[in-house]
Amino acid sequence: MVGLPARGKSLISGKAMRYLAWVGIPARVFNVGTYRRQDTPHPNAAFFDPANKEGEKARRAAAEAAVSDMLRWFKEKNGTVAILDATNSTKARRRWIYETCKNAGIDTLFVESVCDNEEIIMHNILEVKTTSPDYVGLDPEVAAQDFRNRIRNYEKVYETIDEDEKQYTYVKLINVSSTVIINQIKDYLSSRLVYYLQNLHIKPRSIWLSRHGESEFNLTGKIGGDSNLSPRGEAYARALPALLKQSGIPKNAKITIWTSTLKRTIQTARHLAAETGYEKLEWKALDELDSGVCDSLTYEQIAERYPEDFAARDEDKYNYRYRGGESYRDVVIRLEPIIMELERSENVIIVTHQAVLRCIYAYFLNLPQDQSPWMQVPLHTLMKLTPRAYGTEEQRYKANIPAVSTWRAKGTSAKHQEYPAGLK
């Protein structure tokens, strides 16, 4: 990474790492600030003054430690993409990184975030003063002023990537990707990563996730299908607009509603669209995981008819593919365009299905692939995700409307639980 403070470098780094891991490419962020905080946990702006020789020495040592660990990770852990998250704001520093990596047989891609949009910079300053480990416990206004002074110190020596560095592979993202300059991109992985970066923005936003309301198939334990909502599912659909409002919507926020093409999600979102006037889009890519020959069966029936398949799915649920259907890995592949669209969008509420939500949630929360298929995604619950520079915040809002549980733990009985008479 390259750029002045408050230009979204850590946010971009975190997003890139999560994306790469999500599509199965081993990636890790090496944040130089983390190394520097081991010796200087809460520095003030003077520490970053280029005239401060001791500060410069400490910052150089932190960069060297981060790069050393990065090279070790490549060699010993067979890493594929390492992200060096730091300002790397001078030509001399970039030359050192390039030569060090070249000597180790590692290709280098510089990603510079350039921004002179004062509104975005001020938002990032607000973000840093409330979430950065450098300012833990400090008065927010004092932190903001110190951070502004830190930026001024970096501005004294900052050198943008320009023509005399054209031998480097680099991408310049100018004002949140409103302009993108690409140089010397030659391989598939870099091209894929650059395409992802082109879709990013660092504006504040939230993403809301909800399963459809309880369906008729949920009541009988059947998977897949295209059933209607149950009466309680319909009650959740009516309650969803108030639940969204309760979660906190920014003033004048524009929100888009996304659903799958299946009836239960469209029915769940219809009151939300009618009451709010938000635009609603249907996406085939958001349809539930295709269960192939097992569609419309219960887990108990699957275990009886296809016992080997049932056991194989328990053993490796992420990679197991239903006969004539899909695996979670397949769902991730078809969701990649959805993730790209999500990254270029602002506020979105997605009403979709359990497996699909698990995959989207895993992307934002950086869950390991083998864990995501087992996570609990309860019915009649709205999840609000807010991406931050140092992670994604999550809040859950549960409607006071009962619903069956469709979650089954690994290795447990396939028998569908019994429900009180009248619910079936």
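Across the interface of domain 1 and domain 2, the rule picks up 2 salt bridges, a salt bridge being a side-chain nitrogen of Lys or Arg within 4 Å of a carboxyl oxygen of Asp or Glu. Lys15 and Glu343 pair up through their side chains in a salt bridge, at 2.7 Å from N to O.

On the domain 1 side, α1 (9-22), α5 (118-131) and α7 (188-198) each bring at least two residues to the face that touches domain 2, with helices (H or I, at least four residues) and strands (E, at least two) taken as DSSP runs numbered from the N terminus. The top contributor to that face is α1, with 8 residues.

A word on the model itself: this is a predicted model, where local features need pLDDT of at least 70, side-chain atom pairs count only at pLDDT 80 or more, and totals for chains, interfaces and linings use all residues. Residues are numbered from 1 along each chain as its sequence is written, and side-chain values use heavy atoms, with hydrogens and water left out.

As for the overall layout, the protein chain splits into domain 1 (9-199) and domain 2 (207-398), with bounds from an automatic or database domain assignment. Their C-alpha centres sit 34 Å apart. In all, 18 residues of domain 1 are in contact with 19 residues of domain 2, contact meaning heavy atoms within 4.5 Å. The two domains bury about 1900 Å² between them, 56% of it from carbon and sulfur atoms; buried area is the accessible area (1.4 Å probe) that two parts lose on being put together, summed over both. Arg18, Trp22 and Asn199 supply 43% of what domain 1 buries against domain 2, more than any other three residues.

Taken by the rule, the salt bridge count comes to 27. One of these joins the side chains of Lys172 and Glu112 (3.6 Å, N to O). That pair ties together distant parts of the chain, 60 residues apart, with Lys172 in strand β4 (residues 169-174) and Glu112 in strand β3 (residues 109-114).
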